Amino acid sequence: MTFNDDNFMLKNDAAKVLYSYVKDLPIYDFHCHLDPQAIYEDKSYTNIVDLWLDGDHYKWRLMRANGVPEALITGEADKKEKFRVWIETVSRAFGNPLYHWSHLELKAIFGIDEVIKAENWESLYERLNATLATGTISPRSLLELSDVRFVGTTDHPLDALDWHEKITADPTIDVVVAPTFRPDEAFVSHVNFNGFTKRLSEVTGKTIQNFSDFVAAMEDRIQYFVAHGCQASDISFGAVQYQDVTEAELDQILDKALAGDSVSDYEASAWQSGIFLALCRLYQKYNLVTQVHFGAVRNSHSRLYSQLGADSGFDSMGDQVALADHLNRFLDALAKDDQLPKMVWYPLNPVYNAVVANTLANFQANQAGIKSQLQFGAGWWFNDTKLGMIDQMNHYADQGLLANFIGMLTDSRSFMSFQRHDYFRRILASHIGQWVADEEVPDEESLLRPLVEGIAYANAEAFFKP
């Protein structure tokens, strides 16, 4: 048996045919954390560690599990040694998606079609760096290699978006690079809330004395983003919250927070509910897709977090009480006034897949003819695995129309990550191909080709179109 050949992960003949429909489609990467400055400057890489390992907490987490000292993961150790321990780790990572991703990346980007082993780490290091020395591997070349047509970056609401302006003005850049409005600091539970509010007032020229002022200033920034090509917003919550709260109560919470007083858990929850409802109404007004990632317990290893900061590999799946109640009431509060925006919901804990998919089905009615206006998003973070992707698709199909699913995203900081789309397409083809083999769906190209092509590319392009 072969490994990582053209039929990698394709279980039967139907899967092979379905994959042939999607393997060469472009990529619409509607949510990632790529740096727009890196795209504009397009500097080539000189060392594979900088390209493949730098900032990748997925890999850091795996190396820690393999007993690798922190100095060789995030420290100042020699890059060659960092590469060695990574190869030694990933060569043992059977069943982990990083094992598959790494092989796909080496083959697609560097033309290296061999099994990663601890014994060949030095040969790999030399060959990969030799390719980088040619100057042919850069952010733009990697975007072009994967035929990426759209990149949705993740941006602070007070960002001037200078690099996006430069990208838009550069005729040599074919890919659309659009900012995404990510207002984490607009929530009183955020440690930077007071500083953010002060800067928000300064940037917009609006005095912020109450909740209404705050929302007006946020609308000013949304307008600025829309003028710069923004097509979506994003937010990450520990838990989905809904509270019946009046504007007077929100004014009091704002006063208390700006005075430097600690807010209670209830007040933080009430503010989250009130400000996010207001933002969603603005997103609907300006036709922005609203992405909601929720359920992460962050920075759990306090000692290493204090040394390394956030996004260093110390986050976990969370849980919450009464998710169905909070989510239904939140969506209903928007639906009452017909102010539901297009939304994508990503639960981090797969235990809630059925609850989320089922709840979203309550609120799909709309007068604009939008197919699946509320999307159950692709497997996020700990779920962008074979198991996670299949579970997400099964629940989507159980509770809604899988044919309308907008498909995969990278959610990554690495320009090497676009092979995750190929990984997803192989799993999609194999999964639907198994339905064909089990005679659960008809083996007809006229039905199945639009299904997989839509999920792999076309649905996302249509959904995020302004």
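This is a predicted model: local features need pLDDT of at least 70, side-chain atom pairs count only at pLDDT 80 or more; totals for chains, interfaces and linings use all residues.
Residues are numbered from 1 along each chain as its sequence is written, and side-chain values use heavy atoms, with hydrogens and water left out.

**Strand S6 and its partners**

- S6 spans residues 289-294, strands (E, at least two residues) and helices (H or I, at least four) being DSSP runs numbered from the N terminus.
- Strand S5 (residues 232-237) pairs with S6 in the parallel sense over six bridges, pairing requiring that DSSP finds at least two bridges between the strands; Ser-236 stands opposite His-293 in S6.
- Strand S9 (residues 343-347) runs parallel to S6 and is joined to it by five bridges, with Gln-291 standing opposite Val-344 in S9.

**Nonpolar core**

- The largest nonpolar core has 154 residues, among which Phe-110 and Trp-345 touch the most other members; such a core is a set of buried Ala, Val, Leu, Ile, Met, Phe, Trp, Tyr and Cys residues joined through side-chain atoms within 4.5 Å.
- Helix H13 (residues 265-285) supplies the largest share of this core, 11 residues.
- Leaving aside residues up to four places away in sequence, Trp-345 touches residues including Val-292, Phe-294, Phe-330 and Phe-376, contact meaning heavy atoms within 4.5 Å.

**Cysteines**

- The count of disulfides, defined as pairs of cysteine sulfur atoms within 2.5 Å, comes to zero.
- Cys-32 is in no disulfide, the nearest cysteine sulfur, that of Cys-230, being 13 Å away, and Cys-32 is buried at a relative accessible area of 0%.

**Salt bridges**

- The whole structure holds 24 salt bridges, each a side-chain nitrogen of Lys or Arg within 4 Å of a carboxyl oxygen of Asp or Glu.
- Lys-59 and Asp-56 meet in one of these at 2.6 Å, N to O, and both residues are buried.
- Glu-445 forms a salt bridge with Arg-449, the closest N and O atoms being 3.1 Å apart; the two residues are separated by about one helical turn because they lie four residues apart in helix H19 (residues 445-464).
- Glu-81, Arg-84 and Glu-88 are linked in a network of salt bridges.

How values were computed. Buried means under 20% relative accessible area, exposed over 50%, partly exposed in between (1.4 Å probe, protein chains only).
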